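Walk through this structure with a few questions in mind. Keep the sequence at hand as you read.

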Amino acid sequence: MSDLFAPAALSVSELNHLVKNLLEDQLAGLWVGGEVSNLVKAASGHYYFVLKDQRAQVRCTLFKHAARSLAALLREGEEVEVLGKITLYEARGEFQINVQEVRRKGLGQLFEAYERLKQRLQAEGLFDAARKRPLPAAPQCIGVVTSLAAAALRDVAITLRRRAPDVRVVVYPTAVQGAGSEFQVASAIAAAAEHAQADVLIVCRGGGSIEDLWAFNEEAAVRAVVASPIPVVSGVGHETDFTLTDFAADVRAPTPTAAAELASPNRAEQLDKMYRLHSHMRHTLQRRCTDAAQRLDWHAAQLRHPRQKWQEQQVGLLRSRQMLADNMLRHLHRKQEQLAYLAELCRRSRPSVHAAARQLQAQTVQLNRHTAALLAQKQAQCQKQAGILEALSPQHTLSRGYSVITDRTGKVVRDAGRLHSGQVLQLHFETGTAKAQVLPQRTGQQDLFD
């Protein structure tokens, strides 16, 4: 293909920006496990380390705001699992993970059990969108399934009191973590259904580790949510936490407070939109802050004393000056050699004007002589041809007493045998013309004087 139709090339910054967006869009919500190596804490409070296994490694960044939420500090050589944004640091084109959560390795079996149960229940159709029910627009009573000691209950109560103080709230208490807590959650949901007073049911608890939330990943709790005749809003854990009751519920809320907002009647759609916009703005600002902080740390590591940079520039200037002088001398010598060669070539190629003038004069005399001879020869030939033409002219023949006979069409008569009696002929003489008519032939002797 011609270069005229070739696509335009991307700049390096455009390529890195495109790769960063692809990574962040396609690789989200992944936990990655490995060993902490090359752990460094910057003056800004951010952590930089490498997460590696036996065959590969990846750079990781744990920013100060995320590090404050860790239960224990990271240690060199520790086996951990991290959750974060898989991205690309555009300035250097380096693949990295911006870590948001860290947990100690050993929780993989729980995730395997979580995935197995999720696939089995999904195959039964318990998570199908077709069986999801809309929430009532104006509920008169809201049921809450949670622990009486949970902070989530206080958040839900405050939210409902602020948004819908006239709506009655019924709490169905249950344990939300610990051995057998999933059966208590299922029993509380069944009690709400038997009580038949709530128009919508909130199943919730606050955030915690995966073990703390495990009751809501058990089959008994999930099937109880599916079997509930009352529409269920699941608000378990934080925004990044997903439990199986979230998939089974009619509506999943990111937090218990959000579950109360979705279940309450006043301005639910508008507040949900505001929540999403706020969340998007928060993540955008957090990303910008983290990117700026990382660029600041990188540039801080690149700082050098001005005297060192000045000295390097002085050395480069001297080197460039010497290179310029050498190149100019070489160029001057080359041009001088070319000038001398051209001068010698011009001297050798200079024509002899006098010799050429003498040769031109001689050739002019010879050309004039040949031209006069040729003209005399052609004039003699012309006079000879004119005499021949005159002798062969039909007019010259007519001057000797001859005539030319033609028929009415002007065609020359050459054969008397083709004439017929009475035919009119035209006779052409040297001077003038006359008409004649063919007479019939006589069979007897002709009169001598006819």
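**A histidine, some rings and a patch**

The His46 side chain comes within 2.9 Å of the backbone nitrogen of Lys64. A polar contact is a pair of N or O atoms within 3.5 Å; within protein, one must be able to donate a hydrogen and the other to accept it, and residues adjacent in sequence count only if both atoms are side-chain atoms.

This is a predicted model: local features need pLDDT of at least 70, side-chain atom pairs count only at pLDDT 80 or more, and totals for chains, interfaces and linings use all residues. Residues are numbered from 1 along each chain as its sequence is written, and side-chain values use heavy atoms, with hydrogens and water left out.

Where does His46 lie? Look in the loop between β1 (31–41) and β2 (47–52). Helices (H or I, at least four residues) and strands (E, at least two) are DSSP runs, numbered from the N terminus. Is His46 buried or exposed? His46 is buried, because its relative accessible area is 7%. The cut-offs are under 20% for buried, over 50% for exposed, and in between for partly exposed (1.4 Å probe, protein chains only).

Now turn to the rings. How many aromatic pairs does the structure hold? There are two. Phe127 and Phe247 make a tilted pair, 5.7 Å centre to centre with 40° between the planes. Phe127 lies in the loop between α3 (108–123) and β6 (141–146) and Phe247 in helix α7 (residues 244–248), so this pair ties together parts 120 residues apart in sequence. Phe242 and Phe247 make a stacked pair, at 6.2 Å centre to centre and 25° between the planes. Rings of Phe, Tyr and Trp (its six-membered ring) pair if their centres lie within 6.5 Å; planes under 30 degrees apart count as stacked, over 60 as edge-to-face and the rest as tilted.

Phe127 is buried at 12% relative accessibility. Phe247 is partly exposed at 25%, and Phe242 is partly exposed at 45%.

Finally, visit the surface. Leu10, Leu15, Leu18 and Leu22 form a nonpolar patch there. Patch residues have over 30% relative accessible area and no salt bridge; like charges are joined within 9 Å, nonpolar side chains (Val, Leu, Ile, Met, Phe, Trp, Tyr) within 5 Å. Leu15 sits in helix α1 (residues 12–26).

How values were computed:
Accessible areas come from the Shrake-Rupley method with a 1.4 Å probe; for residues, only the protein chains shown count as cover. A salt bridge is a side-chain nitrogen of Lys or Arg within 4 Å of a carboxyl oxygen of Asp or Glu.
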